[in-house]
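Please look over the model below. My notes follow as numbered points.

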Amino acid sequence: MEEYAREPCPWRIVDDCGGAFTMGAIGGAVFQSIKGFRNAPSGVNRRLLGSVAAIKERAPIIGGNFAVWGGLFSTIDCTLVHIRKKEDPWNSITSGALTGGILAVRNGAGAMVGSAIIGGVLLALIEGVGIMFTRFSAEQFRPVNPQLEPPPVASPGVVHESAPLGRDSQASTGLPFWNRAES
């Protein structure tokens, strides 16, 4: 399964890193605005200012965390593409597992194994859903190929109604020429 919209590998890392930062910063801004609004003192102005302060404080950090994950994932993915010389879902699954394990290295071996399993399973689910969606959506674009009915198989000595009449009328019976009755 090829992805035609992807950049070549060195630029894919930068592209995915920037996309992950953007996604993390926007998602972080949404969640931090809710958190800042809820934790601010009463009053609409104070709550809005608390929301803005929480966004300024935490959204760039969350975006940076997402960028690190996306950059590491893409680096491992490009490395696997280079080593294996093929681009398939196994690269993404392995990249997710290795990324989860590497990012949890500071928390010990147990956390590394757990994060690696979670990363691999999560990417396997994402890849599986992507493959399933591609197959289901490809069905609607499959060209319609009307199949003609196969010619009817006639019994020996029975002439099909659509067969031409005359000397060659038994040619459509499916019998070899030595078993045909002469008329």
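**Notes on the model**

1. Thr79 lies in helix 2. Helices here are DSSP runs of H or I with at least four residues, numbered from the N terminus. Thr79 counts as partly exposed because its relative accessibility is 40%; the cut-offs are under 20% relative accessible area for buried, over 50% for exposed, and partly exposed in between, with a 1.4 Å probe and protein chains only. Its C-alpha atom is separated by 8.7 Å from that of Cys9, 70 residues apart along the chain.

2. On provenance: this is a predicted model, where local features need pLDDT of at least 70, side-chain atom pairs count only at pLDDT 80 or more, and totals for chains, interfaces and linings use all residues. Residues are numbered from 1 along each chain as its sequence is written, and side-chain values use heavy atoms, with hydrogens and water left out.

3. How do helix 1 and helix 2 pack? Helix 1 covers residues 9-39 and helix 2 covers residues 44-84; the angle is about 155°, and the axes are 5 Å apart. Axes are lines fitted to C-alpha atoms, for helices over the stretch in contact, with angles from 0 to 180 degrees between N-to-C directions. That angle makes helix 1 roughly antiparallel to helix 2 (over 145 degrees). By class, their contact has 18 nonpolar, 13 polar and 6 charged residues. Asp, Glu, Lys and Arg count as charged; Ala, Val, Leu, Ile, Met, Phe, Trp, Tyr, Cys and Pro as nonpolar; the others, Gly among them, as polar.

4. Which residues of helix 1 are buried? They are Arg12, Ala20, Gly24, Gly28, Gln32 and Gly36. The buried residues of helix 1 pack against helix 2, where contact means heavy atoms within 4.5 Å. An α-helix has 3.6 residues a turn, so residues three or four places apart point the same way.

5. Asp77 is also worth a look. This residue is in helix 2. Asp77 counts as buried because its relative accessibility is 6%. Leaving out residues up to four places away in sequence, Asp77 touches Arg12, Asn91, Ser92 and Ser95.

6. Check Lys85. Its phi is near 60°, a positive value in a residue other than glycine. Lys85 sits in the loop between helix 2 and helix 3 (89-103). With a relative accessible area of 63%, Lys85 is exposed.

Note on methods. Helices (H or I, at least four residues) and strands (E, at least two) are DSSP runs, numbered from the N terminus. Angles under 35 degrees count as roughly parallel, over 145 as roughly antiparallel, 65 to 115 as roughly perpendicular and the rest as oblique.
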